[in-house]
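Subject: Structure handover

Hello,

Here is the structure I promised to pass on. Please open it first, then read my notes below.

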Amino acid sequence: MPPVADTLAMRDSRPSDELSRACRPAIAPRGTASRGSRRSIRRSPSRCGATTVEMALVLPTFLTFVFGIIQFGHAMWVNNLIRNAVRESARFGSTDGVTTAQVDAAIRELLAGVVDENDLTIEIRDASSYDSQPDQPRDWDTIGDLPEVELLTANPRQLFVVRAAANLEDVALVRLPFVEGIMLCGESFMRHE
């Protein structure tokens, strides 16, 4: 059995093209122990670069999936913030001596760090028609057709609705083409005190 130094010298005396093959690990001669395993396994030359190709195919799909989860989580977070801001502002507006402009400003203040002021649509409407017609639809367009209300002059127990909305593409972390037209919104019905 040749000593280890002679083995290394024999390996270095091989043609340079054989030494430059990057996908072949260093091969220990038979009978000598290599690090980590009993015997080193030689990779097939047909497998050279297979890992790189597999990663190139899988990595974009994986990253798209991960960033999609992050984007969806961010959208849900912003939607919850809008709903909470609307609910708190409607509660604030139900007290005596508060104007509609103060409720509008309260929503904008609560959402200042999340939604740009210009991207936010806020409406405060008189919803007392729901007292006489409780089965009236409560969709976005029907509520938008209700008359505006000034909360300072509202009657006691008068029903009003506060709602706010923002486009998902305006608050998204990354603007994606398939999120066009999706609205993040919140609304709260409240009675004036």
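**Glutamate 123**

Glutamate 123 counts as buried, because its relative accessibility is 19% and the cut-off for buried is under 20%. Keep in mind that this is a predicted model. Glutamate 123 sits in strand E1, which covers residues 120–126. Which side chain does the side chain of glutamate 123 meet in a polar contact? The partner is the side chain of arginine 163, at 2.6 Å.

**The chain as a whole**

Now step back to the overall layout. The protein chain has seven helices and three strands. Along the sequence, the order is α-α-α-α-β-α-α-β-α-β. The chain holds 193 residues, and 28% of them are buried. Take the contacts between residues at least 6 apart in sequence: 62% of these join residues at least 24 apart.

**Helices H3 and H4**

Next, a helix pair. Two packed helices are described by the angle between their axes and by the distance between the axes. Helix H3 spans residues 50–93, and helix H4 spans residues 100–110. Their axes come within 9 Å and cross at roughly 150°. H3 is therefore roughly antiparallel to H4, since angles over 145 degrees count that way. The crossing of H3 past H4 is right-handed. On the H3 side, the contact is made by Ala85, Val86, Glu88, Ser89, Phe92 and Gly93. H4 brings Gln102, Val103, Ala106, Ile107 and Leu110. How do the residues of this contact divide into nonpolar, polar and charged? Seven are nonpolar, three are polar and one is charged.

**Serine 94**

Serine 94 lies in the loop between H3 and H4. Is serine 94 buried or exposed? Its relative accessibility is 5%, so serine 94 counts as buried. A polar atom of the serine 94 side chain lies 2.7 Å from the backbone oxygen of arginine 91. Setting aside neighbours within four places in sequence, serine 94 is in contact with Phe160, Met190, Arg191, His192 and Glu193.

**Arginine 108**

Arginine 108 belongs to helix H4. At 23% relative accessibility, arginine 108 counts as partly exposed. Which backbone oxygen does the side chain of arginine 108 reach? That of glutamate 117, at 3.0 Å. Glu117 is also in contact with arginine 108 when neighbours within four places in sequence are set aside, as are Leu120 and Ile122. Arginine 108 and isoleucine 82 are 26 residues apart along the chain, and their C-alpha atoms are separated by 9.8 Å.

**Arginine 157**

One last residue. Arginine 157 is in the loop between helix H6 (140–144) and strand E2 (159–167). Its relative accessible area is 58%. Arginine 157 is therefore exposed, as the cut-off for exposed is over 50%. Most residues other than glycine have a negative phi. Arginine 157 has a positive phi, near 70°.

Over to you.

Best wishes

Key:
Residues are numbered from 1 along each chain as its sequence is written. This is a predicted model: local features need pLDDT of at least 70, side-chain atom pairs count only at pLDDT 80 or more; totals for chains, interfaces and linings use all residues. Side-chain values use heavy atoms; hydrogens and water are left out. Helices (H or I, at least four residues) and strands (E, at least two) are DSSP runs, numbered from the N terminus. Buried means under 20% relative accessible area, exposed over 50%, partly exposed in between (1.4 Å probe, protein chains only). A polar contact is a pair of N or O atoms within 3.5 Å; within protein, one must be able to donate a hydrogen and the other to accept it, and residues adjacent in sequence count only if both atoms are side-chain atoms. Axes are lines fitted to C-alpha atoms, for helices over the stretch in contact, and angles run from 0 to 180 degrees between N-to-C directions. Angles under 35 degrees count as roughly parallel, over 145 as roughly antiparallel, 65 to 115 as roughly perpendicular and the rest as oblique. A crossing is left-handed if the near helix is turned anticlockwise from the far one by less than a right angle, and right-handed if clockwise. Contact means heavy atoms within 4.5 Å. Ala, Val, Leu, Ile, Met, Phe, Trp, Tyr, Cys and Pro count as nonpolar, Asp, Glu, Lys and Arg as charged, and the others, Gly among them, as polar.
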